[in-house]
Amino acid sequence: MSSFLLSAFQLALCLAPMAMGIFITMKVFNIPDITTDGSYTLGATVTAVLLSQQMPIWMILPISMAVGAIAGTCTGWIHTKLKIDALLSGILVMTALYSVNLMIMGRSNIPLVDIKTIFNFLSLSGEETIDALIIAFLIVTILVFLIVYILRTDFGISMRATGNNPVMTRALGINNDRIKIIGLSISNALTAMSGFLVAQYQGFSDINMGIGIVITGLGSVLIADTLKNALGVRKMGQQILLLIVGCVVFQMVLAFALSIGIDPGLLKLITAVFVLAIVSIPEISKRIFKK
Amino acid sequence: MISIQQLTKVYNKGKENEVMAMNALDLDIEAGEFVVIVGSNGSGKSTLMNMILGADRPDSGKIMVEGEDISGLAQHRRSKWISMVFQNPSNGTASELSILENFRLASLRSGSKNLKIGMNAEFREKVFGLISSLGMGLENKLDQPMGSLSGGQRQALTLLMGVIDDTKILLMDEPTAALDPRSSEVIIKLAEKINAEKGTTILLVTHSMKDALQYGNRLLMFQSGKLIKDIKEKEKIALSLPMLYDWFG
């Protein structure tokens with residue numbers, strides 16, 4: 001595998017936590033959450049600032065996830081307590097986070113040059129790219145087990161039921177508002193974790209790095225959903241694994257586009273067209289089979 | 001068990017289409033009673049159920065359960081006493097969750113939903129035994145999504161979910177309205193069995209005069225938000241269908 005594809009694979013793994021977060025809001029709760037764009041940058045911003053100040057990496061991860069969780073809590077609170085539409089709540093928090101991120105960084109970009117990151121502080125194979133890949137893989141594997149475990153617990157079942165039938169869960173003693181707030185905070189903590197990983201993967205944090213990132217996550221979730229329906233997958237663990245596959249497929253498509261010489265400026269357009277293609281697969285296949 | 005005092009609810013107050021849905025209702029229901037509630041559309045039956053459940057708030061008056069005033073409690077806080085079988089079978093269950101997961105949630109009605117995997121072998125066995133009593137063969141489909149079942153099957157399971165944790169009050173708002181006659185009979189007979197065996201207090205809203213006559217040990221009749229008839233055990237036995245239709249006018 002070329003280093004180009006290895007790099008795309010590593011980026012896919014870095015974005016997998018965000019895809020899991022979007023899966024929780026979109027597929028578990030049926031909430032379209034745009035906070036993602038802001039909390040992703042927030043995770044990266046906090047990581048870059050703290051790494052530059054020589055804080056140990058093991059302390060930065062929980063901090064960046066915690067700030068992401070706070071962002072999600074804000075969206076959840078606005079949506080449930082002020083009864084503002086979920087989409088608008090997310091847009092409001094995302095907009096506010098742009099200024100917050102700028103304030104935290106103090107400028108629009110922080111490079112992470114000559115700083116030990118999570119991907120290069122251990123030498124496992126002797127080759128940096130492979131080490132980085134192994135570390136990303138380990139992190140995502142632990143996360144998959146954790147998320148699958150949570151979704152199978154009594155709390156996880158309550159989350160899934162709330163998204164599926166809020167009338168029922170209210171009658172069963174579940175505080176729907178509270179569980180939605182918790183769900184949004186978990187989701188945005190995961191998104192911030194992707195920001196944490198990507199900032200270290202690319203070696204910098206930029207104020208605009210989150211713009212449109214929700215579409216990347218959404219695309220991965222939709223690929224996973226299409227695969228889930230095609231394969232008839234029902235088990236939660238398999239669904240989460242398909243999310244990782246979705247992330248990898250998505251990043252490989254983008255990597256392929258770049259490898260055949262497509263202008264990087266057109267990447268967002270390609271992303272949008274690719275997501276559109278995935279979303280329209282069910283309708284297109286329905287029409288084809290009708291004929 | 002349930003004590004209702006001066007319960008009043010007006011919809012669209014002060015507007016042209018103002019409706020007096022419940023007019024100063026006073027009502028006491030003893031533990032273990034099977035109360036059947038009838039009345040024409042808009043008579044206040046469902047309003048009463050929704051106010052007891054907590055889905056709707058009264059304008060004035062009190063609802064007491066076991067001596068505790070629950071009128072101001074949010075719906076999810078009332079679940080330790082009350083469970084509900086909705087008119088629409090889809091409302092009572094989560095279609096994307098498995099049968100077992102639905103029962104797990106129901107079993108936690110008054111407990112905490114923490115980070116514990118509660119669907120162990122013991123719980124599976126308990127649900128298996130409970131569902132076997134239905135005789136519908138659903139005990140072998142515990143891992144199937146609830147959405148794959150028929151309306152009647154889902155309603156029967158909702159009823160069992162309602163009493164899995166020994167809930168005290170079971171509200172049933174026209175639970176058979178969307179079902180075929182055979183499934184309807186299964187549901188009502190199951191409710192009767194639960195009432196007899198567990199002593200659960202049941203409030204059943206129905207449009208079927210036949211069911212109203214056949215089941216339960218107390219009959220309430222509502223009209224325009226007012227309780228117009230309250231017929232208890234012995235009097236109820238003496239009732240006949242023509243009498244009921246006559247009261248309806």
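I started with Ser7(A), which I found in helix α1 (residues 3–28) of chain A; helices here are DSSP runs of H or I with at least four residues, numbered from the N terminus. Ser7(A) counts as partly exposed because it has 18 C-beta neighbours inside 10 Å (20 or more would be buried, 12 or fewer exposed, with C-beta atoms placed from the backbone). I also checked Ser7(A) against Leu97(A): they are 90 residues apart in sequence and 29 Å apart in space, C-alpha to C-alpha.

A note on the source: this is a predicted model, where local features need pLDDT of at least 70, side-chain atom pairs count only at pLDDT 80 or more, and totals for chains, interfaces and linings use all residues. Residues are numbered from 1 along each chain as its sequence is written, while chains are lettered from A and ligands numbered from 1 in the order written.

Next I followed α1(A) to helix α9 (residues 213–231) of chain A: their axes, lines fitted to C-alpha atoms over the stretch in contact, lie 8 Å apart at an angle of about 75°. That makes the two helices, α1(A) and α9(A), roughly perpendicular (65 to 115 degrees). Among the residues making the contact are Leu15(A) and Phe23(A) of α1(A) and Leu218(A) of α9(A); contact means C-beta atoms within 7 Å.

Last, I looked across the chains: 19 residues of chain A are in contact with 27 residues of chain B. On the chain A side, α6(A) gives the largest share, seven residues. The model scores ipTM 0.86 and pTM 0.89.

Terms used:
Contact = placed C-beta atoms within 7 Å. Axes fitted to C-alpha atoms, helices over the stretch in contact; angles between N-to-C directions. Parallel < 35°, antiparallel > 145°, perpendicular 65-115°, else oblique.
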